[in-house]
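Thank you all for coming; I would like to walk you slowly through one structure, beginning with the chain as a whole and ending at its surface.

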Amino acid sequence: MSDLNKLGLADARDALRKGDVTSVELTQACLTAIEGAGALNAFVHHTPEIAHAQAAAADARIKTGDAPAMCGLPVGIKDLFCTKGVPSQAGSRILEGFLPEYESTITQNLFDSGAVMLGKLNMDEFAMGSSNETSVYGNAINPWKVDDRDLTPGGSSGGSASAVAADLCLAATGTDTGGSIRQPAAFTGITGIKPTYGRCSRWGTIAFASSLDQAGPMTKSVRDAAIMLEAMCSHDPKDSTSANLPVPNFEAMLSGDIKGKKIGIPKEYRMDGMPEEIETLWANGTAMLRDAGAEIIDISLPHTKYALPAYYVIAPAEASSNLARYDGVRYGHRAKLEEGDGITEMYEKTRAEGFGAEVQRRVMIGTYVLSAGFYDAYYNRARKVRTLIKKDFEDVFAQGVDAILTPATPSAAFGLGEASDDPVAMYLNDIFTVTVNMAGLPGIAVPAGVDAQGLPLGLQLIGRPWEEGDLLNTAYALESRAGFVAKPKKWW
């Protein structure tokens with residue numbers, strides 16, 4: 001078989017079990033593709049020795065007949081996940097040289113399922129960004145290109161999205177705090193799901209905003225997302241927010257039958273100035289689900305307009321607390337000190353050198369809203385808004401709505417550098433996705449069309465808590481009817 005790196009998880013798994021290909025061959029095909037894709041800057045730490053060893057072990061395991069779903073499948077790991085003995089920097093200078101002595105629960109679950117790690121993937125620094133331009137490694141680049149412009153792959157999981165879209169790996173891990181799986185998935189024409197908060201363990205995942213962060217898979221299809229999500233999920237006693245619930249066989253739930261399902265269309269997501277192509281995509285997606293037998297109903301999520309400002313109070317507040325641990329004392333970057341400098345100067349210089357501008361901006365915002373004079377006016381008020389946003393969804397689901405359909409992003413991928421000087425414009429990329437994190441719900445982005453320039457556009461489906469199986473099945477029905485098969489033309 002040729003072009004093995006272009007396979008998805010399901011096809012590769014089936015080929016492995018039939019003996020048509022080995023994991024070593026799959027892995028080498030991906031490693032070769034990675035070597036030839038340096039221009040994308042998607043992989044930032046390469047682990048070919050680990051990959052070869054894991055692939056050989058997977059082949060031996062497959063021969064015994066003991067082959068879990070992910071056995072032998074080569075994937076990329078976002079740099080936010082701690083991987084034992086492998087650099088894990090969260091895209092930041094302040095963690096340079098950090099080699100964890102432990103494995104994150106997510107990567108351990110994948111390795112237990114037989115997955116092969118190709119390396120670590122680029123990302124916005126500490127997952128703070130929507131374009132992968134805040135990374136200490138430099139920006140990852142979208143494999144889709146228009147008029148020789150370099151486009152953003154989205155963020156913060158930009159390296160993951162770029163690598164999957166360019167067939168450098170079969171799938172990748174991502175994290176989603178306000179849309180960091182779904183937005184880059186939409187920008188690159190792949191599938192990405194953020195599960196219910198608590199479905200995936202956060203242990204060993206470098207924290208941004210602890211009440212919002214959630215890991216998920218970024219894949220080439222909905223079926224692949226179902227396969228990988230099951231392997232990633234588990235109850236973890238090391239994470240107090242991890243849900244002690246059984247993990248379903250998500251792939252077995254993909255029937256494509258959504259007859260009688262109620263799909264809500266929220267009026268508040270029709271934003272002023274929304275591009276016509278996004279409106280058209282949304283209308284087409286609605287028609288596809290109606291044709292599949294779903295009942296389309298108009299719904300209201302009245303507090304949606306407050307979600308983005310509330311998010312940009314809560315997330316920086318939690319970040320300012322989480323990032324206080326980086327001080328240059330025990331690990332990571334430490335600034336060179338001058339004679340007479342004390343501990344205070346070490347903290348100040350280390351953080352000034354180690355944190356990039358966007359991280360510093362958010363830490364300062366977070367510290368401000370948590371200060372004594374502003375805690376009630378900003379942070380507590382944002383928490384109350386968050387409760388109202390969550391109740392909006394609860395009320396809609398109580399009316400019998402099974403899933404909600406919205407755009408995934410307000411536009412197609414934009415050029416690198418086009419929004420980096422305007423933080424507010426950059427934050428607006430999260431306008432359709434942050435409500436899902438604020439309410440702790442599962443959400444999935446599915447490629448469903450292209451814009452006038454031929455760039456991919458995605459639709460988002462939001463599901464009931466803990467019902468990722470139903471959400472994936474609805475996404476599967478949408479994917480089947482959208483028929484998105486476009487791939488970026490190789491230029492790298």
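By buried I mean a residue under 20% relative accessible area, by exposed one over 50%, and by partly exposed one in between, with a 1.4 Å probe and protein chains only. On that basis, 60% of the 492 residues of the chain count as buried. Please bear in mind that this is a predicted model, in which local features need pLDDT of at least 70 and side-chain atom pairs count only at pLDDT 80 or more, while totals for chains, interfaces and linings use all residues. Residues are numbered from 1 along each chain as its sequence is written, and side-chain values use heavy atoms, with hydrogens and water left out.

As for overall dimensions, the C-alpha atoms fill a box of roughly 70 × 55 × 50 Å, taken along the principal axes.

Turning to the interior, a nonpolar core is a set of buried Ala, Val, Leu, Ile, Met, Phe, Trp, Tyr and Cys residues joined through side-chain atoms within 4.5 Å. The largest one has 157 residues, and those with the most contacts inside it are M70, F126, L168, F393 and L472. The element that gives the most to this core is α9, with 10 residues; helices here are DSSP runs (H or I, at least four residues), and strands likewise (E, at least two), numbered from the N terminus. If contact means heavy atoms within 4.5 Å, then L472 touches, among others, I193, V222, F250 and I444, leaving aside residues up to four places away in sequence.

Finally, V329 lies in the loop between α9 (307–322) and α10 (343–354), and V329 is partly exposed, with a relative accessible area of 36%.
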